[in-house]
Amino acid sequence: PLDEYPVYIREGAIIPMNIERAYTGLGDENSRGYLTLLIYPANQNNFSIYHPNSELNTKVVLAETNDSLLIDLQGLKKAHIMRVHLSSKPQKVVLDNRILSDSLDYQFSMESNKLTIKTDDYSIGEYIIIK
């Protein structure tokens, strides 16, 4: 159990997951078919995700400043759920130059300090999160 064996994650980590059930607390059956990305922002980082059924990859590029966070998804476009660790609720979330709606397109949990964005389809893959 996770409460007996803690998991330490370093700042800047980008962790891809395939969540299909609710036992981890990171998703549930509705996460099936989505690439889940756990993101812990810190400065700049990138991570390439290799898809076994495709010759294409998805590269996640992360760049943080004092007032914003840029997350850029490049390569193979996949439906995804991003769970971004933030210290406070963002002022604005933008995907491909379109402002996303709070509670409709994304949710922020004050209890876990997580911003959750579920995206089925996108054209460019550029997220801008204004802190």
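Student: In what order do the five strands of the open sheet come?

Tutor: This is a predicted model. The order of the open sheet is E1-E2-E6-E10-E9, and its pairing is mixed.

Student: Which strands stand at the edges?

Tutor: Strand E1 (14-17) and strand E9 (106-109) do. Each has a single partner strand, so one side of each lacks a neighbour in the sheet. From one strand to the next, the twist averages 15°.

Student: How many bridges join E9 to E10?

Tutor: Four, and E9 runs antiparallel to E10, which covers residues 114-119. Phe 108 stands opposite Leu 115 in E10, and Lys 114 in E10 is the bridge partner of Ser 109.

Student: What about the hairpin of E9 and E10, how many residues lie between the strands?

Tutor: Four residues lie between them, and Asn 113 in this hairpin has a positive phi near 55°.

Student: Different topic. Where is Ser 31?

Tutor: Ser 31 sits in the loop between E1 and strand E2 (35-39).

Student: Buried or exposed, that Ser 31?

Tutor: Ser 31 has a relative accessible area of 5%. The cut-off for buried is under 20%, so Ser 31 counts as buried.

Student: What does Ser 31 touch?

Tutor: Leaving out residues up to four places away in sequence, Ser 31 touches Ile 19 and Ile 81.

Conventions: Residues numbered from 1 in each chain as written. Predicted model: local features only at pLDDT ≥ 70, side-chain atom pairs only at ≥ 80, totals over all residues. Heavy atoms only, no water. Pairing = 2+ DSSP bridges. Helix = DSSP H or I, 4+ residues; strand = E, 2+ residues; numbered from the N terminus. Axes fitted to C-alpha atoms, helices over the stretch in contact; angles between N-to-C directions. Buried < 20%, exposed > 50% of the residue type's maximum accessible area, 1.4 Å probe, protein only. Contact = heavy atoms within 4.5 Å.
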